[in-house]
Amino acid sequence: MVNTDVKKIDELLTRAVEEVIDKEDLKKKLLSGKPLRIKLGIDPTSPNIHIGRAVLLWKLKAFQDLGHTAVFIIGDTTGVVGDTSDKESERPMLTKDQVKKNMKTYFDQVFKILDRKKTETHHNSEWLSKLGLHELATISSLFGLHEFSSRDVIARRLRAGQRVSFQELMYPIMQGYDSVKVEADVELGGKDQRFNLLTGRRIQPQYGQEPQNILMMKILEGTDGRKMSSSWGNVINVGDTANDMFGKIMSVRDDLIITYFELATNASYEAIHAYEKQLKAGENPKKVKMALASE
């Protein structure tokens, strides 16, 4: 049975959410009681899943708890190519062996959050390795070069005279094709993946599917205030020990405490607002941060 509790649906569509496309349509579907297929793909570009990525996993779990189907994809093919949505330079391709090594414990990490028995899992090599040139050309015809070159990150690199590889143009199409193969009703992603997520909406009608709705999540800053990234070493990993997690949280900047409560814990809004009031009233941030670290 699908839970159609209005309060829970409203929190689902707002907590840690940056943007929803199409919010009214998605809310209507959630209230209808129809089970939806919720897609999340993560590329194994490093061996560890950090809590910045776990923001998406927690949202997928929230859908799962309401009775919808969680579809988790390890991007073992897209991981080789590499997504440059948030990169200011070309991302070097990984080898298949590197990706295989990185994803060795991915399911173990993911199932610290998701319900293993209720999660549908895939590797996107299942279908991307079979994608033929004719079908790829047909999909690619839906897009124009100007659509890719107008993306902020790509436009900046072109103006600076930097190289933009063909594989970077193909990545969004590969991610969009994933949505076709799993028949996604909803896809989750970070706000920096907007272009890729919309690509799935464009491709699905080509295969007789209704365009997926999209939930774009806020980006969690790392321990140093920059975007959490394994390459910068400012991460807290899902697989870290409790002591390590606690210690790393205590090193987070004070101005990020409330953000971390919202994005990285299951604390209620009422509890978060209470902590926010305490901080504004002059409470020692260390005390509130200890509560955060415990959560």
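A: Contact here means heavy atoms within 4.5 Å, while helices (H or I, at least four residues) and strands (E, at least two) are DSSP runs, numbered from the N terminus. The model is a predicted one, in which local features need pLDDT of at least 70 and side-chain atom pairs count only at pLDDT 80 or more, whereas totals for chains, interfaces and linings use all residues. Residues are numbered from 1 along each chain as its sequence is written, and side-chain values use heavy atoms, with hydrogens and water left out.

On the α8 side, E135, L136, I139 and S140 meet M170, I173 and Y177 of α11. By class, this contact of α8 with α11 has five nonpolar, one polar and one charged residues, where Ala, Val, Leu, Ile, Met, Phe, Trp, Tyr, Cys and Pro count as nonpolar, Asp, Glu, Lys and Arg as charged, and the others, Gly among them, as polar.

The axes of α8 (residues 133-140) and α11 come within 11 Å and cross at roughly 100°; axes are lines fitted to C-alpha atoms, for helices over the stretch in contact, and angles run from 0 to 180 degrees between N-to-C directions. The two helices α8 and α11 are therefore roughly perpendicular to each other, since angles of 65 to 115 degrees count as such, under 35 as roughly parallel, over 145 as roughly antiparallel and the rest as oblique.

Helix α11 (residues 166-182) also lies across β2, β3 (69-74), β4 and β5, running at about 145° to β2. These strands belong to an open sheet of six strands, ordered β1-β6-β5-β2-β3-β4 with mixed pairing, where two strands pair if DSSP finds at least two bridges between them.
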